[in-house]
Amino acid sequence: MQQDITIKITDREGVQHELLAPTDMNLNVMELIRMYELAPEGTVGVCGGMAMCASCQCYVLNDVLKTERNDDEEAMLSEAYHVKPNSRLGCQIPISDEIDGLELEIAPEQ
């Protein structure tokens, strides 16, 4: 089992970052964005990863992610701004071997 995967994330300024993401730390995409400081502090993960604020909304840009939105994610996105058909909450995407090569764009601030 590999320890790190690669995820490409485009920040809110349009800059793409190729990140190494550890699969052995039980992290999610929102925590990865915060760890690499891809958005100003206090603008991503405001609710702490509870799917209650949509501040970590991302747009999935390729077909690597096979999981669907869960009920909490659907409910939060139904109330959020800038939602697109490919919107997901970063806090609901666990870092695992299955998402190696995932490409995302951080949605505009809520």
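How many bridges join strand β1 to strand β2, and do the two run parallel or antiparallel? In this predicted model, strand β1, which covers residues 4–10, is joined by 7 bridges to strand β2, which covers residues 16–22, and the two strands run antiparallel.

**The β1–β2 hairpin**
- Strands β1 and β2 form a hairpin with 5 residues between them, and in the turn Gly14 has a positive phi of about 90°.

**The β1–β5 pairing**
- Strand β1 is also joined by 3 bridges to strand β5, made of residues 103–106, and here the strands run parallel.
- Within this pairing, Thr10 stands opposite Glu105 in β5.

**Gly101 and its contact in space**
- Gly101 is found in the loop between β4, residues 87–89, and β5.
- Although Gly101 and Ile7 are 94 residues apart in sequence, their C-alpha atoms are 5.2 Å apart in space.
- Gly101 counts as partly exposed because its relative accessibility is 30%, a value that lies between the 20% limit for buried residues and the 50% limit for exposed ones.

**A nonpolar patch on the surface**
- Leu20, Met35 and Tyr36 form a nonpolar patch on the surface, and together they have about 290 Å² of accessible area.
- One of these residues, Tyr36, has its place in the loop between helix α1, residues 29–35, and strand β3, residues 57–60.
- With a relative accessible area of 34%, Tyr36 is partly exposed.

**Aromatic residues**
- How many aromatic pairs does the structure hold? The structure holds 0 aromatic pairs.

Technical notes:
Residues are numbered from 1 along each chain as its sequence is written. This is a predicted model: local features need pLDDT of at least 70, side-chain atom pairs count only at pLDDT 80 or more; totals for chains, interfaces and linings use all residues. Side-chain values use heavy atoms; hydrogens and water are left out. Patches are made of residues with over 30% relative accessible area and no salt bridge: like charges are joined within 9 Å, nonpolar side chains (Val, Leu, Ile, Met, Phe, Trp, Tyr) within 5 Å. Accessible areas come from the Shrake-Rupley method with a 1.4 Å probe; for residues, only the protein chains shown count as cover. A salt bridge is a side-chain nitrogen of Lys or Arg within 4 Å of a carboxyl oxygen of Asp or Glu. Helices (H or I, at least four residues) and strands (E, at least two) are DSSP runs, numbered from the N terminus. Buried means under 20% relative accessible area, exposed over 50%, partly exposed in between (1.4 Å probe, protein chains only). Two strands pair if DSSP finds at least two bridges between them. Rings of Phe, Tyr and Trp (its six-membered ring) pair if their centres lie within 6.5 Å; planes under 30 degrees apart count as stacked, over 60 as edge-to-face and the rest as tilted.
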